[in-house]
Amino acid sequence: MYLIHLGYLGYDQDAQTAFIPNEEIRQELTAATRRNPKNISVSLRNYNKNIADKTVLSSRKDENTMKYDFTTILDRKGKDSIAVEPFEADWIKWPGKTKEGFDIIPMWVADMNFPAVHTIPEAIIERTKHTTYGYFSPREEYFDAIIKWHKTRNGIEGLEPKHIGYENGVLGGVVSALNVLCSKGDSVLLHSPTYIGFTKSLTNNGYHIVHSPLVKDENNVYRMDFEDMEKKIVENHIHAAIFCSPHNPTGRVWERWEIEKAMEIYKKHDVYVVSDEIWSDLLLNGHKHITTQSVSEDAKQRTVALYAPSKTFNLAGLIGSYHIIYNDWLRDRILKESSLSHYNSMNLLSMYALIGAYKPEGYEWVDELKEVLSGNVNYACDYIEKHFDGVNVSRPEGTYMLFLDCTEWCKKHGRTITELQAAGIEVGVIWQDGVAFHGPCHIRMNLALPLSRVKEAFDRLDKYVFNVLSAPRGHFNPQEG
Ligand SMILES: Cc1ncc(COP(=O)(O)O)c(C=O)c1O
């Protein structure tokens, strides 16, 4: 890492500095700035644009008719990413290892393999040029950016800065809210399949999870079982529920009538709702997100809603989520609760990341991303239907996850779900155990990669896994394939 004094480059308006990650880029930036000494920001912008080019394994820009880059295969190795170095993650047990001859295709943790929209690093770099990073209050721009985002994307009117509060991760927000709404050991209603983060954080914090299973309808669409929800609420004296919208891992984007019906049940039994809407920007094939708080005045008052740019723009490593709470009593209680640990403080650079993400370019970038993800999901689901007999997938309407039900396939081939998962991992398809998400014979698969990588993964699953796995396990060899 180099610290360049911009005065040295011929730009000494404020004699500021910039951090430059390596010698090659430093030289390039120095040359560019000397050519155009008056305009360091142009050079920095070009430098940002070039960051991706310096870390690519291969570039397929010719295929790319979009404004932003969703085709470059990034080399994230050594760049602080568990996604591409899965076997380094010590909190997860893998049933197998990838064999030599196969590279890793990261299709597990909810992380995307696309370069970020350039306005994010620009905003961060611009701020780092002023080299003091002391205590701070969130800028007006931060709140304005969130208010505008929700107005434009979700049609929300009347959102004010006071309704918005920083959360050090959505899961942190979930726990703070439950700490206010429940006593330890209280039962909380969740739908199953269930995002593993809920399971861990609720269990760790002493809450008892009661599952209401989603049920597939005649069109293979996961639906809430309202009767079951009500029964469980009454039987277990439940007064708090987690609502995941869109739903991870099934990818359901709930329709308005479904949210309304769920909220009526919650109202009837005085159940407060923690609505995790972290996936609400990632909608596929034209599906629309309805915010839980928007379905009625009662829903607005009984719901703690949680959002973040982290899923949408792949900023999980920067941390930075936020709540929207309209109910003054609830908000005051939750602010107090989350202040107790002294851990719930915003990071300066993650604030700038959010401001950079919610710029006009970010809106465009997400629109293109949704097209890319829709294309990937459609490709994968069509491929499964055509080639993987015995694998059932309910087409996701949002997120970038597939939740593969492999029950039939496992039965037919006399294999366990763990053996199946291991077989994919051996050929570099790093997909995730779905059992941990309460899918008894399921695998979760992340499709936020360039389409060329998705195609490669499905090709490998076809050649080495789903259509050959009656053969002994030693068969998985790239040379033979
Ligand atoms: C539904 C859901 N909520 C929360 C999270 C994690 O959010 P955070 O990292 O902000 O705690 C994820 C991550 O995948 C998620 O899928």
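**View 1. Buried positions of helix α13 in the predicted model.** The buried residues of α13 are G362, W365, V366, L369, K370, V372, L373, N376, V377, A380 and I384, as found in a model that is predicted. Among the elements that cover these buried residues are α3 (119-128), α10 (309-313), α12 (348-357), β15 (392-393), β16 (401-405) and α16 (451-466). Helix α13 itself comprises 28 residues, 360-387, and spans 41 Å between its first and last C-alpha, close to the 40 Å expected at 1.5 Å a residue.

**View 2. G390 in the loop between α13 and β15.** G390 has 14 C-beta neighbours inside 10 Å and therefore counts as partly exposed. Leaving aside residues up to four places away in sequence, G390 touches E408, W409 and K412, while its C-alpha lies 7.3 Å from that of T407, a residue 17 positions apart from G390 along the chain.

**View 3. The open sheet that contains β15 and β16.** The sheet is built from 4 strands in the order β15-β16-β19-β18, with antiparallel pairing. Because β15 and β18 (432-433) stand at the edges and have a single partner strand each, one side of each is left without a neighbour in the sheet. Within the sheet, β16 is joined to the antiparallel strand β19 (residues 442-446) by 5 bridges, and L404 stands opposite I443 in β19.

**View 4. The residues around the ligand.** The ligand is surrounded by 14 residues, of which the closest are A110, G169, V170, L171 and N248. By residue class, this shell divides into 8 nonpolar, 5 polar and 1 charged.

Conventions: Residues numbered from 1 in each chain as written. Predicted model: local features only at pLDDT ≥ 70, side-chain atom pairs only at ≥ 80, totals over all residues. Near = placed C-beta within 6 Å. Nonpolar A, V, L, I, M, F, W, Y, C, P; charged D, E, K, R; others polar. Helix = DSSP H or I, 4+ residues; strand = E, 2+ residues; numbered from the N terminus. Expected span 1.5 Å × (residues − 1). Buried ≥ 20, exposed ≤ 12 C-beta atoms within 10 Å, placed from the backbone. Contact = placed C-beta atoms within 7 Å. Pairing = 2+ DSSP bridges.
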